[in-house]
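Please open the structure in your viewer and keep the selection panel at hand. The stops below are taken in order.

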Protein chains: 2
Amino acid sequence: MTKWRDASGKSLEDYPRPSVAVDVAVLTVADGELKVLVVKSPRDGLALPGTFVHPGETTQRAAVRALAAKAGLLGIEFHQLGVFDDPQRDYRGWVISVAHGAALPLDRFPVDSTLISIVNDVPVEDLAYDHAQMVTFAVADLRERYARAVDPDRLLGEAFTVLGLRQLYEAIYARPLPKDTFRRQLVDGLVSAGQLEVGGGRPAELFRRLPNCLLPRSAASLFYGDYGRRRG
Amino acid sequence: MTKWRDASGKSLEDYPRPSVAVDVAVLTVADGELKVLVVKSPRDGLALPGTFVHPGETTQRAAVRALAAKAGLLGIEFHQLGVFDDPQRDYRGWVISVAHGAALPLDRFPVDSTLISIVNDVPVEDLAYDHAQMVTFAVADLRERYARAVDPDRLLGEAFTVLGLRQLYEAIYARPLPKDTFRRQLVDGLVSAGQLEVGGGRPAELFRRLPNCLLPRSAASLFYGDYGRRRG
DNA sequence: CAAATAGTGTCTTTTAGACAGTATCGC
DNA sequence: GCGATACTGTCTAAAAGACACTATTTG
């Protein structure tokens, strides 16, 4: 196969091209709030793990490679968040970055991981470059996906109680959710696991996710709160 | 300012980089259905307008430039849809594309524009590369934005009737919407323009968009239909 | 007047949300 | 029994959706 040339005889490489990076915001829930994984470097301080995209590779595979190399994490599902392309965003030159998001249960992180709390959709410590904004995008994406299905990223294990599920959603949406309405909205996305979890009082029933079950769109109103209007 | 070098003395340009393009799906509503603007070329057949991103330029500005050059369209607001990065997607070599979406009223297109109907979220004619999938993304993005506000892209003019607005939404969501519920959902996102539009019967009141007014999240259920469940 | 289209009153069914009740455990 | 937590029945207010009625134009 011979290399492509345009009308003036130039190939693609004869034109200026940016470097293309991926940066990954890996979220988790701990202590009732969202947190994000960061890595430390002498030059950048705190930053999201990232890498340059290699030839023949998709950005998603580059994200997998970055997480394996920089945080020792394998088998994660990434979601594309958007392209960050301000020409000034990287002091090294013309670098655009494709931000990706993912979420993992706390126990899958290496013990020496650095997790930064997210408050008001922004990490509480400064991150390098435009990485704080990527975190905001990752949170928005997580909320959208959690409004459509029951814990799609399996931040809880296979089996969980309704209380555990509600506390997870309260952390993700950063607001209290009414106990009984929450149960009624989600219960027909669940099946009993036939087991009980003993605790301080009456044991709670353990549930599993109903496979391929989407939540009704009205559930989004519950999680987000039906922004303003009405209630005169 | 001296050029950045990494530990092995190499600059960014010493590593392989992809060409980065933008492709733009400009949507409109005509004859009660969504359509998308395409351009014809001898080599690619039908394709979305696009261009390579220039140094010092954002992808959004490249999108503006592409539309001005290839379709004679100015003053459009673009929304980023996603990155298409399959290494095989372009026969010329390693080209990733940042897809953008926009929407314009029919009367803003040049008279010789080619508009392709969109049925089942896909253009009815084959497009080059992965451009058909970009159109699907653009439709999804348009629907999301139209569920959050009243005709944010101003496909209708400044003033319009509730009937006109409903027909627009029926075209966008490709489903009939109940006349009275639609009105009650949207009417408090509108203000009367103090004018009437005469027609075959009783004249219809003209409305304007209430500035900065978000629709309640429950409106999304109306537009999309509350996917399945219930109603036993 | 009839025809046509705009807009609303109202009824039914459903549901969110609140509250309080009942159920089931450990002690 | 008592405390604690899980779950559920029920009431109320609100809203969706359907239907039909009223309103205002043209011819």
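How many residues of chain A are in contact with residues of chain B? The model is predicted, and in it 47 residues of chain A are in contact with 48 residues of chain B. Select both chains to begin.

**The two chains together**

Between them, chain A and chain B bury about 4100 Å², and 56% of this area lies on carbon and sulfur atoms.

**Salt bridges across the interface**

Which residue of chain B does the side chain of Glu144(A) meet in a salt bridge? Select Glu144(A) together with Arg148(B): their side chains form a salt bridge, with an N to O distance of 3.2 Å. The count of salt bridges between chain A and chain B is four.

**A salt bridge within chain A**

Over all chains, the structure holds 34 salt bridges. For one within chain A, select Asp130(A) and Arg89(A), whose closest N and O atoms are 2.7 Å apart. This pair links distant parts of the chain, the two residues being 41 residues apart. Asp130(A) is in the loop between β8 (122-123) and α2 of chain A, whereas Arg89(A) is in the loop between β5 (79-84) and β6 (95-103) of chain A.

**The helix pair α2 and α3**

Now select residues 131-148 of chain A, which form helix α2, and residues 162-173 of chain A, which form helix α3. At what angle do α2 and α3 of chain A pack? The angle is about 145°, and the axes are 10 Å apart. The crossing in which α2(A) passes α3(A) is left-handed.

Show the side chains at the contact. From α2(A), Leu142(A), Arg143(A), Tyr146(A) and Ala147(A) meet Leu168(A), Tyr169(A), Ile172(A) and Tyr173(A) of α3(A). By class, this contact has seven nonpolar residues, one charged residue and no polar residues.

Technical notes: Residues are numbered from 1 along each chain as its sequence is written. Chains are lettered from A and ligands numbered from 1 in the order in which they are written. This is a predicted model: local features need pLDDT of at least 70, side-chain atom pairs count only at pLDDT 80 or more; totals for chains, interfaces and linings use all residues. Side-chain values use heavy atoms; hydrogens and water are left out. Axes are lines fitted to C-alpha atoms, for helices over the stretch in contact, and angles run from 0 to 180 degrees between N-to-C directions. Helices (H or I, at least four residues) and strands (E, at least two) are DSSP runs, numbered from the N terminus. A crossing is left-handed if the near helix is turned anticlockwise from the far one by less than a right angle, and right-handed if clockwise. Contact means heavy atoms within 4.5 Å. Ala, Val, Leu, Ile, Met, Phe, Trp, Tyr, Cys and Pro count as nonpolar, Asp, Glu, Lys and Arg as charged, and the others, Gly among them, as polar. Buried area is the accessible area (1.4 Å probe) that two parts lose on being put together, summed over both.
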